[in-house]
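Subject: Structure for you to look at

Hello,

Here is the structure I said I would pass on. Please open it first, then read the notes below it.

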Amino acid sequence: IEPYLGEPKRTIEVLQKYDFVFQKKFGQNFLIDTHVLDKIVKASQVSKDDFVLEIGPGIGTMTQYLAAAAREVVAVEIDKALIPILEDTLQDFENVSVIHDDILKVDIQRLAEERNGGRPIKVVANLPYYITTPIIMGLFENHVPIDSITVMVQKEVADRMQVGPGSKDYGALSLAVQYYAEPYIVANVPANCFMPRPKVGSAVIRLTRHKVPPIEVKDEKLLFRLIRASFNQRRKTLANGLNNDSGLSFTKEEIQQAIANCGYPAGIRGEALSLEEFGRLSNELSK
Ligand code: SAM
């Protein structure tokens, strides 16, 4: 069966057949460009061995491409109005099932356990931009067995995920993503590849999960608390930022001592530290 929904004409036919009304609150911008669809699926490296989780299938456009490439696809869609449409557009694809739910409420770990024997899954999605960060961080932090996440996100967010210290986009998201995965920007995607057109630029990014974390930390929770505390108070020095954070209970002296033991200047700002340097500080503080 050939994927066919990527053609704008076919998307319009389906939308008209069902009198579909776009819901802004669900971040609905459907892909209508076959080249972009091909590119995403190719970049995701999905093969016939793979179990794929698709988040937000819309009318099933990319789902068709994924079904053709994967062993099995499970697509989770929140909008009730799309469920009968998906039953229609995906009826010829026997390796696809649709779950009507909020992805943030789905037990993905269990899904991977039941449908893929607990082996790592691939996630592919044109994400609803209003919840990009909670979705991605949820997948990593809940220790879902993941091989890679290939997603369309807002361009600025893709940039933030892959930069290091020295860039104005560097922040907690950069560090969290890079702790768990190797980011690779696949393509920038212009607004005219979507219906309706988003007001922001978009990019496809692939996050390949590290087999072994790039740094060794004794206390992962502490590492992330330090990162969040230092970027919550960007204008402050690292020492003051950490001292003022209500989630951390170190004394000012302990913080200053740890910073000195790492060999960092006393007045350094958090945004100057690399992932490795945050790791060293975290290990120093958990001594
Ligand atoms: N995959 C389709 C495509 O590329 O044409 C649609 C992508 S659209 C950007 C995002 C999709 O995610 C919409 O279908 C929307 O209804 C769905 N969605 C939004 N919030 C969701 C949530 N919390 N859980 C599951 N799906 C959600």
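The model is a predicted one, in which local features need pLDDT of at least 70 and side-chain atom pairs count only at pLDDT 80 or more, while totals for chains, interfaces and linings use all residues. Residues are numbered from 1 along each chain, as its sequence is written.

The sheet

Helices (H or I, at least four residues) and strands (E, at least two) are DSSP runs, numbered from the N terminus. Two strands pair if DSSP finds at least two bridges between them. Strands of a sheet pair through backbone hydrogen bonds, either parallel or antiparallel.

Seven strands form an open sheet with mixed pairing, in the order β4-β3-β2-β5-β6-β9-β7. β4 (96-100) and β7 (181-189) are at the edges and have a single partner strand each, so one side of each is left without a neighbour in the sheet. On average, neighbouring strands are turned by 20 degrees against each other, direction ignored. (Axes are lines fitted to C-alpha atoms, for helices over the stretch in contact, and angles run from 0 to 180 degrees between N-to-C directions.)

β7 pairs with β9 (residues 202-209) in the antiparallel sense, over eight bridges. β2 and β3, by contrast, pair in the parallel sense over five bridges; there, isoleucine 55 has valine 76 of β3 as its bridge partner.

Helices and burial

Helix α5 (residues 108-116) lies across β2 (51-55), β3 and β5 (121-126), and runs at about 145 degrees to β2. Contact means that the C-beta atoms of two residues, placed from the backbone, lie within 7 Å.

A residue is buried if 20 or more other C-beta atoms lie within 10 Å of its own, exposed if 12 or fewer, and partly exposed in between, with C-beta atoms placed from the backbone. Five of the six residues of β3 are buried. In α3, eight of the nine residues are buried, so this helix is largely enclosed by the rest of the structure. Among them are Thr61, Tyr65 and Leu66.

The ligand

β1 (30-31), α3 (61-69) and β3 (72-77) each supply at least two residues of the shell around the ligand. Of the 23 residues around the ligand, Phe30, Gly56, Gly58, Asn126 and Pro128 come nearest, where near means a C-beta atom, placed from the backbone, within 6 Å.

Regards
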